[in-house]
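Please keep the structure open as you read.

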Amino acid sequence: MGVDDTGWDAREGVDDRSDAELLAAVADADRGALHELFVRHEPWVAIRLSRRCADPAIVDTAIQDTFLAVWRKPSAWRGDGEVAAWLWGIAVRSMLHQLRPRASVVERLRSLRGSSIASAEEEVLARVEHSDVGVAFARLSPDLQAVVQATVLDGLTTREAAALLGIPSGTVKSRMSRARTELREALL
């Protein structure tokens, strides 16, 4: 059985380097490595930021700032944890930075609320917010809420959540355990 040689290779042009190797190349001013990181991670970062912010301009700016930060200081990734979690942390901080200085952002978001269609996630979260689970979640301390948000709602691993929140993995686990206990007690 022969192999058809069409002259086209699906893997051609695909960079097989790991994210860590790409970051090392970015440190050596390799623009192609930055482009590959952008191609790999921009789509999911954009989707996740869009779920947290309805203003596409703020999301776009946060993404630009994220990859600009990667270009300027790739050595900020310490080599522990996943590069994706590190990128997500930069993206969230960039988005929050975009939101903080704007005094009218609340009014802008309110005006968008009436005209935009809520995503399925927003509809589910709105229903959960006023349910017994939502009330129990609101009673958790902010530290516990942040861990539940990162691990359950955002779907991050323990290590990724630890990187995002800037706390050790063991602390994420212990806070999640406390949150489960408090939620269980509140719901029984």
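1. A word on one residue to begin: Arg-17 counts as partly exposed, because its relative accessibility is 29%. Please bear in mind that this is a predicted model.

2. Which residue does Arg-17 pair with in a salt bridge? The partner is Asp-30, and the closest N and O atoms of the two lie 3.5 Å apart. This pair links distant parts of the chain, 13 residues apart: Arg-17 sits in the segment before H1, while Asp-30 belongs to the loop between helix H1 (19-27) and helix H2 (31-52). Asp-30 is also partly exposed, since its relative accessibility is 27%.

3. Within helix H2, Arg-40 and Glu-36 are four residues apart, about one turn of the helix. They form a salt bridge whose closest N and O atoms are 3.2 Å apart. Is Glu-36 buried or exposed? Glu-36 is buried, because its relative accessible area is 13% and the cut-off for buried is under 20%. Arg-40, at 27%, is partly exposed.

4. Glu-82 and Arg-159 form another salt bridge, with 3.9 Å between the closest N and O atoms. Here, too, distant parts of the chain are linked: Glu-82 is in the loop between helix H3 (56-72) and helix H4 (83-99), and Arg-159 is in helix H9 (residues 158-165), 77 residues apart. Both ends are partly exposed, with a relative accessible area of 41% for Glu-82 and 47% for Arg-159.

Definitions and conventions: Residues numbered from 1 in each chain as written. Predicted model: local features only at pLDDT ≥ 70, side-chain atom pairs only at ≥ 80, totals over all residues. Heavy atoms only, no water. Salt bridge = Lys/Arg side-chain N within 4 Å of Asp/Glu carboxyl O. Helix = DSSP H or I, 4+ residues; strand = E, 2+ residues; numbered from the N terminus. Buried < 20%, exposed > 50% of the residue type's maximum accessible area, 1.4 Å probe, protein only.
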